[in-house]
Amino acid sequence: MSAERDQRHADRMARKKAVVDAAIARATVSKGLILVLTGNGKGKSSSAFGMVARALGHGMRVAVFQFIKGSGATGEQAYLQRDPLVRWEECGEGFTWETQSRERDIAAARAGWEKARAALADPAVGLVVLDEMTYLFKFGYLELEEVLAALAARPPAQHVVVTGRGAPPALVAAADTVSEIADVKHAFRAGVAAQPGIDQ
Ligand code: ATP
Ligand code: MG
């Protein structure tokens, strides 16, 4: 019985391998990608910073723009910005309910965007991360059309990762890969403060 079961499994795996191999063989395009990481669950920025590490492992130059700064630098920032291939810019002054100054927030967002726009025109930069950018559209700090135009005109091999909740449909449409992270559970709601190494 066991031999029969082993054989069935081997046959199934062989069929699966043929399908996967054929799909891999069809994927022959190589190009810079736009990724959007959205949704209410935890893991958007940390995923983006994981890709920063990946890119660095391949010797690529990386630029990170954080549009809404939290209450302190994350562990990834502390660690990754030591690398000379990394440029790490904090563009926002804080969460909007902390600064409570729309004008200052807009000025910081615009200044950050001008720096990010320059990186999006620089073929030496292999990966650009636009962290928490979606909030700029939500609050009306920045025109989505302006960002979409810069994304469309960027160097063809450059990758871009955009994070933030509530990604606008036109950004999702422009992206190559989109992940929506669902909020199934979060320790914060059980009274756990942000933990170094996990949340910051
Ligand atoms: P991370 O930076 O951990 O990948 P994120 O980028 O997906 O999180 P943000 O909305 O940018 O999520 O929030 C960043 C901070 O808020 C992190 O400390 C994270 O743990 C926390 N956080 C994320 N999602 C939730 C949630 N659904 N409830 C409570 N706290 C959250
Ligand atoms: Mg985030």
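Analyst: The shell around ligand 1 consists of 1 nonpolar, 6 polar and 7 charged residues. Here Ala, Val, Leu, Ile, Met, Phe, Trp, Tyr, Cys and Pro count as nonpolar, Asp, Glu, Lys and Arg as charged, and the others, Gly among them, as polar. The model is predicted, so local features need pLDDT of at least 70 and side-chain atom pairs count only at pLDDT 80 or more, while totals for chains, interfaces and linings use all residues. Residues are numbered from 1 along each chain as its sequence is written, chains are lettered from A and ligands numbered from 1 in the order in which they are written, and side-chain values use heavy atoms, without hydrogens and water.

Of the 14 residues around ligand 1, those that come nearest are Lys42, Gly43, Lys44, Ser46 and Asp199; a residue is near if one of its heavy atoms lies within 4 Å. Lys44 places a backbone N or O atom 2.7 Å from an oxygen atom of ligand 1. A backbone N or O atom of Asn40 is 3.0 Å from a nitrogen atom of the ligand, and an N or O atom in the side chain of Arg165 lies 3.3 Å from a nitrogen atom of ligand 1. The protein covers 79% of the 570 Å² of accessible area (Shrake-Rupley method, 1.4 Å probe) that ligand 1 has on its own.

Ligand 2 is a magnesium ion, with Ser45 (OG) and Glu132 (OE) as protein donors 2.0 Å from it. Donors are N, O and S atoms within 2.8 Å of the metal (3.2 Å for Na, K and Ca); water is not among the atoms, so the site may look incomplete. Ser45 is buried at 16% relative accessible area, and Glu132 is buried at 17%, where buried means under 20%, exposed over 50% and partly exposed in between (1.4 Å probe, protein chains only).

Definitions and conventions. A polar contact is a pair of N or O atoms within 3.5 Å; within protein, one must be able to donate a hydrogen and the other to accept it, and residues adjacent in sequence count only if both atoms are side-chain atoms.
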